[in-house]
Amino acid sequence: RKDVGILAMDIYFPPTCVQQEALEAHDGASKGKYTIGLGQDCMAFCSEVEDVVSMSLTVVASLLRKYNVDPKLIGRLEVGSETVIDKSKSIKTWLMQIFEESGNTDIEGVDSSNACYGGTAALLNCVNWVESKSWDGRYGLVVCTDSAVYAEGPARPTGGAAAIAMLIGPDAPISFERKYKASHMAHVYDFYKPDLASEYPVVDGKLSQTCYLMALDSCYRQFCTKYEKLVGEQFSISDADYCVFHSPYNKLVQKSFARLFFNDFMRNCSSVDNDAKEKLLPFANLTSEESYQSRDLEKASQQVAKHLYDIKVQPSTLLPKQIGNMYTASLYAALASVIYNKHNSLAGQRIIMFSYGSGLTSTLFSLRLHEGQHPFSLGNIASMLDVTAKLDSRHVTSPEKFVETLKLMEHRYGAKDFETSHDTSLLPPGAFYLTKVDSMYRRFYDKK
Ligand code: ACO
C-alpha cells in the first residue's frame, strides 16, 4: 500500500472563548504574562451544553458530510482523549450512533489514553491497520477530543478545547514516512489525574516543561540516528520544511524549536551558520542537566533560531494560539494550521511532528505531503477546515463568565440527574449538544 496517511481532516472547537489579555487582568497576573510570556491569544472552553462526546459527534458527522464519505466505508474508528467521562464506556461507543444509523456496526477500535498522546496512539494504530494484513479495504477514522481545564492558579490560562477527525487510508495527501520515527517513554509524575472526583489534573508545571524538552531531545537524537542509518546522510532541521509540536502554549513551542537548533549545533551540522555557532559556543560544554536550566542558553538559541522559526514553525501556531491546549487534538490542530496556511506550496514537502503526553510518552515522526486527488487534496482539506470563518464567528466571553462556567462544571462533573439549559444559541447548525444526564448517569445528546 502506497502513501498511507491522512486523507481528510476536520476540526470543531467551541464557539465560546476568553481573551488571554482580559484573563491576565482578571487573574491579577502582570500585563503580558499570558500573551507574551505564554504566547497565547485566546482560549476556547466548553459551555455547559458541550463536552468531549458532543464535540466528537459534531466533528465526525461534519467530516463524513463534507467529504461525502459513506459511514459504511469506515472499518476502524479510534479515539484519543484524556478527558474522563466514564471509566469503562469508551467515547468511541457514543460515536457508534452515527454508524448504527447507516447499518454499520462492524467497526474495530476503542479509545486510547495517556495525557496528550492518546490521539497519536490512535493515529499510529489506524495507519498500522491500513498497512497490515488485517486491512479490509475500508477507511480508518481517528478522533482526538479533549476539554482542557485547570484549577485556579498559574496553569488555568493553558486550557483549551477542541475535537479533530482524520480519515485514514492509502494514497493520502498527508502520508507517513513510517521508517523515520522515534519514541521516548518513561515514568514520571509531571502531570496526572489521580483524583477521580475532579476533572482537574495535578500538575508540576516546571517539571512538565523540562520533561517535554528532555523527551524532545531524546526523540530527535534517535530520529537522526535512524535517518542517518537509512539514508546515509546527516539529518538536520534543514531537511524538514515544517516542524510541528504538541502545543500546551506557544512559548514552549518556541523553546522546542530552539532546542532542535541547539541539537543541530551540538551535532556539528553544516546547516548551522558561523554566526549561530559563535553565539552557541559558550554553551557547548554544559551538561545536559545544566542545559535545561540555563536561561542564557534558552535566550541565545531562541534568538539564533528565530528566522527559521518564522518559516518552519510559525504557520503551525495559528489554531493553538487562538484555542489553547487541546490536549490530544493540539498537535493535529497545529498540523491543520500548516495545511490551512500553506496548502498551495506543500506538495513534495516534509513535516516533522512531535507528540508529547505527560507521564510520559512521546514520539517524533515524519510526514510527506502530496497534492492528492479531490476530495482528498490539500486544497480541499484547507477549504473544508475553514479556519478563519470558524475563528471569526466565535463569541468572546468575559473572564467572569468563564470562571462561572468552570464552577458550574465542577458541580456537574460526575453528577447525575440534571438537565442542561438546552441553550444552543451560540452553536453552529449541525452541532451536537448535551441535553441531560439521567438518574442512571446516562448522557443524552441532541443535534441543532
Ligand atoms: N510579560 C512577559 N512575559 C512574562 C511576564 C510579563 N509580564 N510575566 C511572566 N512572563 C514570562 C515568564 O518569564 C515565563 O517565560 P519564560 O519561560 O520564557 O521565562 C512565562 O511568562 C511564564 O511565566 P512563569 O512564571 O514561568 O509561569 P508560571 O510558572 O506561573 O506558569 C506554567 C507557567 C508552568 C506553564 C503553567 O501555566 C502550567 O503549569 N501549565 C500546565 C502545564 C503544562 O502545560 N505543561 C506543558 C507540558 S505538559 C502538557 O501538555 C499538559
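Residues are numbered from 1 along each chain as its sequence is written, and because the model is predicted, local features need pLDDT of at least 70, side-chain atom pairs count only at pLDDT 80 or more, and totals for chains, interfaces and linings use all residues. Side-chain values use heavy atoms, with hydrogens and water left out.

**The ligand**

Start by selecting the ligand, which is surrounded by 26 residues, the closest being Lys-33, Ser-208, Lys-251, Lys-255 and Arg-295; a residue is counted here if one of its heavy atoms lies within 4 Å of the ligand. Next, look for polar contacts, which are pairs of N or O atoms within 3.5 Å. In the side chain of Lys-33, an N or O atom lies 2.7 Å from an oxygen atom of the ligand, while a nitrogen atom of the ligand is 3.5 Å from a polar backbone atom of Gly-32. At Pro-154, a backbone N or O atom is 2.8 Å from an oxygen atom of the ligand. The ligand taken alone exposes 1000 Å², and the protein buries 79% of that, with areas computed by the Shrake-Rupley method with a 1.4 Å probe.

Now colour helix 2 (33–37), helix 6 (205–231) and helix 7 (250–266), the elements that give two or more residues to the shell around the ligand. Helices here are DSSP runs (H or I, at least four residues), strands are runs of E with at least two, and both are numbered from the N terminus. Which helix gives the most to this shell? Helix 6 does, with four residues.

Then find Leu-378 in helix 13 (residues 378–385), a residue that is buried at 0%. The C-alpha atoms of Leu-378 and Pro-173 are separated by 6.4 Å, although the two residues are 205 apart along the chain.

**The backbone**

Zoom in on the peptide bond from Gly-359 to Leu-360, which is cis with omega near 10°, and notice that Leu-360 sits in the loop between strand 12 (350–357) and strand 13 (361–369). The peptide bond from His-374 to Pro-375 is cis as well, with omega near 5°, and Pro-375 is in the loop between strand 14 (372–373) and strand 15 (376–377).

Finally, select Tyr-327, a residue other than glycine with a positive phi near 50°, in the loop between helix 11 (318–323) and helix 12 (330–342). Is Tyr-327 buried or exposed? Tyr-327 counts as buried, at 1% relative accessibility.

Terms used. Polar contact = N/O pair within 3.5 Å; in protein donor to acceptor, adjacent residues only side chain to side chain. Buried < 20%, exposed > 50% of the residue type's maximum accessible area, 1.4 Å probe, protein only.
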